[in-house]
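Open the model in your viewer and keep the selection panel at hand.

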Amino acid sequence: MMVRTYSKPWTRRRFIKAGAMTAAFMAIGGCAKNPVTGRSQLMFVSETDEITMDRQAAPHQLSADYGRTQDGELNAYVSEVGQRLAGVSHRPEMPYNFQVVNATYVNAYAFPGGTIACTRGIMLDMESEAELAGLLGHEIAHVNARHTASRMSTSILVSLAAGVGGALIGAKYGGEMGALAGGLGAFGAGMLLASYSRADERQADSLGMEYMTRAEYNPDGMAGLMEALNALHDKEPSALEVMFATHPMSSERLATARAEANTKYLSAREYSMYRERYMDNTAALRAKAPAIKDLQTAEKHLIKKEYTKADEHIASALAKAPDDYVGLLLMAKSKAAQGRYNEGIPYAERAREAYPAEPQALQLNGLLLVRNGNFAQALTNFAAYETALPGNPYSAFYKGYCKEGMGDRRGAASEYVRFLEQVNQGDQAKHAYYRLVEWGYVQGMAEPVSNPFRGLA
């Protein structure tokens with residue numbers, strides 16, 4: 001065993017701090033056996049925590065990606081392929097669920113408890129079931145190797161090393177760091193989907209190829225997937241900005257996939273790529289490809305605030321697919337960004353009618369109605385949104401703002417208090433706090449209230 005020596009002398013203070021940190025580590029967690037390697041690793045996040053975080057955060061991310069596609073046959077097909085791979089993985093007992101989401105950007109992601117999603121955009125860029133198996137196998141691998149839980153445990157360790165460890169002693173799961181250790185609170189979808197390391201990606205590639213060949217898919221599917229993504233990135237880098245940010249790609253990973261397909265998994269190359277089956281099951285999606293491509297272009301223009309060009313491409317998409325949920329919401333968002341709220345409301349309402357089970361349209365319609373001064377109708381939308389998708393603290397703020405606009409101070413104050421219990425910074429938090437001060441519910445120094453909807457649709 002190698003022992004690292006340090007030139008810095010061990011003072012009494014360093015011994016006390018080291019002892020406190022050790023006690024904190026013992027208090028909040030310990031070592032766990034990695035289900036893939038079988039080796040012990042420092043882990044502050046339990047499997048129960050992984051599943052709990054997944055169930056709390058995944059619904060919000062799926063809704064942000066415009067919900068599960070309404071193509072039930074496509075979802076069933078992807079789920080069937082995913083479950084086939086999960087069954088031969090290292091953690092087959094996890095509550096996996098596989099979704100195709102309506103988002104048009106190119107990406108796929110996994111939450112730690114087994115929720116795995118791929119966008120319509122990436123589904124259009126694949127050409128065989130083997131490529132789909134490579135994609136899903138890679139995401140299953142992140143769940144199996146507990147990459148998110150490991151990253152979270154490292155974050156907790158770094159925070160402890162920075163000096164907060166002593167605060168945990170005597171309060172095993174108390175306070176903010178207790179929430180981190182328990183997998184709750186500060187870790188939302190953004191943290192759970194943060195970028196993986198290159199080492200994590202290499203391991204996910206290797207495991208993904210192992211799972212797909214165990215499930216009798218041709219390993220060329222993994223290499224083909226990487227070739228397609230790398231080619232798309234070289235041709236149109238912006239199309240893969242999100243995916244490459246969370247899944248660092250490299251020519252080395254592509255070369256490794258090709259090499260393993262030709263050596264380690266050479267015998268598995270007799271398995272089928274299932275191109276025809278993939279094409280059959282994605283026929284309805286591919287029929288919408290021209291509209292989806294229009295929406296991809298429109299989103300690029302929206303990011304650049306080129307609203308006229310964005311509107312043209314969205315209108316083109318809606319001419320091809322009039323009831324497309326993403327197209328309708330993008331047009332509503334574009335109109336809102338231009339301050340043309342009256343024009344945006346009909347699109348948000350059409351989106352709600354096109355996909356009643358998906359709540360994002362309710363929230364967007366509420367925001368537009370607030371901007372238009374229709375607080376009562378906006379409140380109805382926000383209340384319905386919170387019922388459909390609980391857990392978003394801003395629902396309380398929006399409801400409070402509507403009640404304030406309707407002259408219901410008591411109701412507004414109740415919602416603002418509920419909001420401030422979860423969020424304590426930003427324009428919305430300032431607005432809520434200073435209203436409570438102004439109305440006499442809180443003692444404090446009143447300041448001018450900024451625009452709480454600045455930066456919002």
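**Whole chain**

Of the 457 residues in the chain, 51% are buried (under 20% relative accessible area; exposed is over 50%, partly exposed in between; 1.4 Å probe, protein chains only). This is a predicted model, in which local features need pLDDT of at least 70, side-chain atom pairs count only at pLDDT 80 or more, and totals for chains, interfaces and linings use all residues. Residues are numbered from 1 along each chain as its sequence is written, and side-chain values use heavy atoms, with hydrogens and water left out.

Select 97–101, 108–110 and 115–119, which are S3, S4 and S5. These 3 strands form an open, mixed sheet in the order S3-S5-S4, where pairing requires at least two DSSP bridges. S3 and S4 stand at the edges with a single partner strand each, so one side of each has no neighbour in the sheet. S4 and S5 pair antiparallel over 3 bridges; pick Ala108 to find its bridge partner, Cys118 in S5.

**Helices on the sheet**

Next select 47–64, helix H2, which lies across S3, S4 and S5 and runs at about 15 degrees to S5 (axes are lines fitted to C-alpha atoms, for helices over the stretch in contact; angles run from 0 to 180 degrees between N-to-C directions).

Technical notes: Helix = DSSP H or I, 4+ residues; strand = E, 2+ residues; numbered from the N terminus. Contact = heavy atoms within 4.5 Å.
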